[in-house]
Structures are given as C-alpha cells and as structure tokens.
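Subject: Structure handover

Hello,

Here is the structure you are taking over. My notes on what was found in it follow below.

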Amino acid sequence: MTQSKRKIVIVGGGITGLAAAYRAQEKINKEQLEADITIIEANHRLGGKIQTVVKDGFVIERGPDSFLERKKSMGRLIKDVGLDDKLVPNATGQAFILVNDKLHPMPGGAIMGIPTQIKPFLITDLISMTGKLRAAGDFVLPKSDHQQDQSLGTFFRRRLGNEVVENLIEPLLSGIYAGDIDQISLQSTFPQYGKLEQDHRSLIAGMKKTSPAAKRKPGDKKQSMFLTLSTGLESLVEKLESLLSDCDILKGTKVESISRGEKYTLSLNSGAEIEADSVIFTVPHFTAGDVFSESGLLNKIEEIPATSVATVAMAFDQDQVEDILDGTGFVVSRNSDYTITACTWTHRKWPHTVPDGKVLLRCYVGRAGDETVVDLSDDQVEKIVLDDLNKIIQVNSKPDFTIVTRWKKAMPQYTVGHQDRMAEVRAELEKSYPGVYLAGASYDGIGLPDCIDQGEAAAYKALNFIEQ
C-alpha cells in the first residue's frame, strides 16, 4: 500500500510564502518527493506589500520599490524564474538629508550615516565642529563590554555622539524601519556594527576597512546598491504564481485556529478545515498570534509594536516642479517640523518608470509616535505632503494624479531583546507544535531578501520534517 502524500501548508502568500512554496515545489519535483503544498492567503491577491500600479506610462510601486543588491537571495530568485533580463540598477545620484529647512548632501563615504572618509565629513555643514570633534572620539573610545542587546540609539550615541545620530544616522534608519532608534534592537537589525566595534574597537576604522569601497580595486566601477524590475516588482509575484503549478492556492481565505492531533488541523473562516503535516506561518506576528490564541504560545512576540505608514506618489508635468536638486531624494531629520519622513525623486532614481517630460515624487508619511496622518483622507494627505514639499522645492500645480497607499501595522519594530524572545518562542513551538515554523518580516528581517531567505529556510525545514 502506497503512503499517502504528506502536506505542507503555507499560511500567507506574500513574498515569504511565495519563496517558500517555490523552493519547496522545486525540491519536491527534483527529488520526486511524495508531498503536496497549499498556500492560504486572506486577501484576494498574492504578493503582500509588493504592489505595482502601471498608469499613463508610469510604473509606480505602492510598497517596496527595490532591494539591496548585496543580499543575494532576491536576485537569485529573480534569475531562477527567468526575469533577470528585467533587472535595473538605480540611477546613481546624490541623496540629501533635510535638517533645519535645508537639504544637505549626504557626505561622501557615509555608510548608513557612519563616516568612512574624513574630508567629506569635515566639510559638511550637517554637523557642527563640536559634533565632528565628538564623532572623532570614536577613534579613541574603548570598545564596549556590553554583552547584552542594546538599542541602535544607545550604541551609535556612545560611539559617535548625539549630533551625528540625530542629523545623519537617525533619518536613514527611520527611513528603513519607521521606528524609534532608541527602542530598536542593534542585535536584530545591524549586528555587524556591534561586531565591528568588537573586532576593530573604532566603528569608523572598522567600516573603513570592510566597506565595499575599501575592497574595490582602482578602476573598478562603483556598483549600484539597489535593483528593481523594469516591469515593476509585482511582475515577480505574477511570475511566481504562474510557476506554482503544483500548489493549491486558496485566496480570500483566513486561518482562524490550529489544533494538533495525528496531523495539524487548520480551521478556516469558510467553516472548512484543512489537514497538514507541517505548517509555515509567513503572516505578521499579530495575525499568527490570533491563530494560536487558545494556547497563548506566541504571547511573547504578539505585542511587538508595528508602525502604520503611507506612501504618496504624485505625478506632474516637468515644468510644474522646480528646484529639484541633482539627486535621488531626501530623508527628513526627526527634529525637523515636517510630516513627511522621506521623498524619492523617482524620475531621477528610476528613470525607466516615468514618461518623458514627467516628474514622479514618492513621499512617505507615518513613523513610530506619529501615525495619525495615515488615517486622514487622500485629499488631506495630499495637501499635507504638498505643503511640506513647497517648503523645500517649488511645486506650481496640483498633481496630474496622486496614489495614496496605507500600510496599517506594516512595519514591525524589533525592540531590544527581540532575538531572545524569538528564540524562546521557536523553542516552545518546536516542543508543542513540531513542524510548525515562523518566517517573514515580523521575525528575522524586514527587507525583501530577508523575507525570501526566511521563506526558503522554512521550506527546507518543513520538507526535512515531513521526510522523517
């Protein structure tokens, strides 16, 4: 009698779940394993935060617009599904920081705001001479004996002083995490900086020795940091969905609870039940927490803060927007009196996404402690953004069109101790629900490649588990 096929259920059809399903299907087919895959997605579309609008010749991302080239998993996935001919690097250009109503060029050699070249840092007017002297203290300060996790703010203030943190590092990190750097965990976001301090004592010296620029040989071309797809990132979602021919995909279906017997039983909002031998949850921590609410298993991470943000894309005729500097956009210092937190001059950063003679500005609003703007009407959000922009550049007309996209509780905040809490939850899961895994932006990295890494790793764990 042949053994019935084992089943892996993936809860959530964002990029984490899609990557997990694709790699699981690939391995099942290659090794001719007796296993089936089902994806359950609460929305009526796959892709999660990856959403692309193609309108009037514009290619507009509602969510993430690119990924870091140095994190290889997304580039590898794109190549494996046959979309590598669509990869486009960002147009290189100067980025700016808005401090005291003025756009200051990011100092040359600054990596995540950490100076690695002395001259550009000395001549920038972003930092006072007192602030520069304080930052130079990094060369003589002893390394920390701090063995436990600490906040990004604590770490960088001790190494470089308040002014560098407030005017350089905080705007950049807030742009990534939409959070409070005095709450966000160093160990869970940038552990490499803690290691640099331990290995080199000076953070600046360590960055200088290990940065990509230090490794480039004379004459080597500077690599683009970011890549995207010329057809929009949603084309990766569509391609993955078309290739998941051996997967059952249930859209508009929510998992409400899980119980453990000989197999796992997932109760769905439709009233139906589905059995699984292994389950991968790629949904946010609060959604997964609801599924496990009876057991309280995820209580330690269910209260992870998550910030709501919105993106505001506005299209104009080129002659209606003046005073845009030669660069790709700016981030805003938290001490500045602005609602917007950043603005990308998309027609400069990604010229392929905008028709000739047009300008596309993509602004961001919402961050930890300042999320109410996200709940305002589209017209109100547009007015606030235009008022802020007109303090910096000259916008002479209303936009041809505006696309406001709200992301509620979309930015998980890895607060101090996050890794330890995750380790405890995973140990409890392994004990009480063996073969059940957590992967995605709430857990071990919020970037697209981080999510893909987690999805792929969970897929291989699930396959190993059902093969035991």
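Strands, as the word is used here, are DSSP runs of E with at least two residues, numbered from the N terminus. Please keep in mind that this is a predicted model.

T38 is found in strand 2. T38 has a relative accessible area of 2%, so it is buried. Apart from neighbours within four places in sequence, T38 is in contact with K7, I8, V9, I10, D248, L250 and I274. T38 and G329 are 291 residues apart in sequence, and their C-alpha atoms are 41 Å apart in space.

Next, the nonpolar cores. The largest one has 42 residues, and those with the most contacts inside it are I10, I15, M74, L236, L240 and I280. At least two residues of this core come from each of strand 1 (6-11), helix 1, strand 2 (35-41), helix 2, strand 11, helix 11 and helix 17. A second, separate core has 30 residues, among them M106, L126, Y193 and I204.

L236, one of the residues with the most contacts inside the largest core, touches several others. Leaving aside neighbours within four places in sequence, L236 is in contact with I15, M74, I78, V81, L83 and L229.

Which residues of helix 2 are buried? In helix 2 (residues 72-80) they are S73, M74, L77 and I78. Seen down the axis of helix 2, these buried residues fall within an arc of 135°, so they line one face of the helix. Their cover includes helix 1 (15-31), strand 5 (67-68), strand 6 (87-89), strand 11 (226-229), helix 11 (234-243) and helix 17 (448-467). Just after helix 2, G82 takes a positive phi of about 85°.

Q32 has a phi of about 50° although it is not a glycine, and it is found in the loop between helix 1 and strand 2. Q32 counts as exposed because its relative accessibility is 70%. A178 is not a glycine either, and has a positive phi of about 50°. A178 lies in the loop between helix 6 (162-177) and helix 7 (186-189). With 5% relative accessibility, A178 counts as buried.

Last, the surface. I118, L122, I123, F139 and V140 make a nonpolar patch of about 510 Å² there. L122 is found in helix 3 (residues 118-123), and at 47% relative accessibility L122 counts as partly exposed.

Regards

Notes: Residues numbered from 1 in each chain as written. Predicted model: local features only at pLDDT ≥ 70, side-chain atom pairs only at ≥ 80, totals over all residues. Heavy atoms only, no water. Buried < 20%, exposed > 50% of the residue type's maximum accessible area, 1.4 Å probe, protein only. Helix = DSSP H or I, 4+ residues; strand = E, 2+ residues; numbered from the N terminus. Arc of directions from axis to C-beta. Contact = heavy atoms within 4.5 Å. Patch = residues over 30% accessible without salt bridge, like charges linked within 9 Å, V, L, I, M, F, W, Y side chains within 5 Å. Areas by Shrake-Rupley, 256 points an atom, 1.4 Å probe, with all protein chains shown as cover. Salt bridge = Lys/Arg side-chain N within 4 Å of Asp/Glu carboxyl O. Core = buried A, V, L, I, M, F, W, Y, C linked by side-chain atoms within 4.5 Å.
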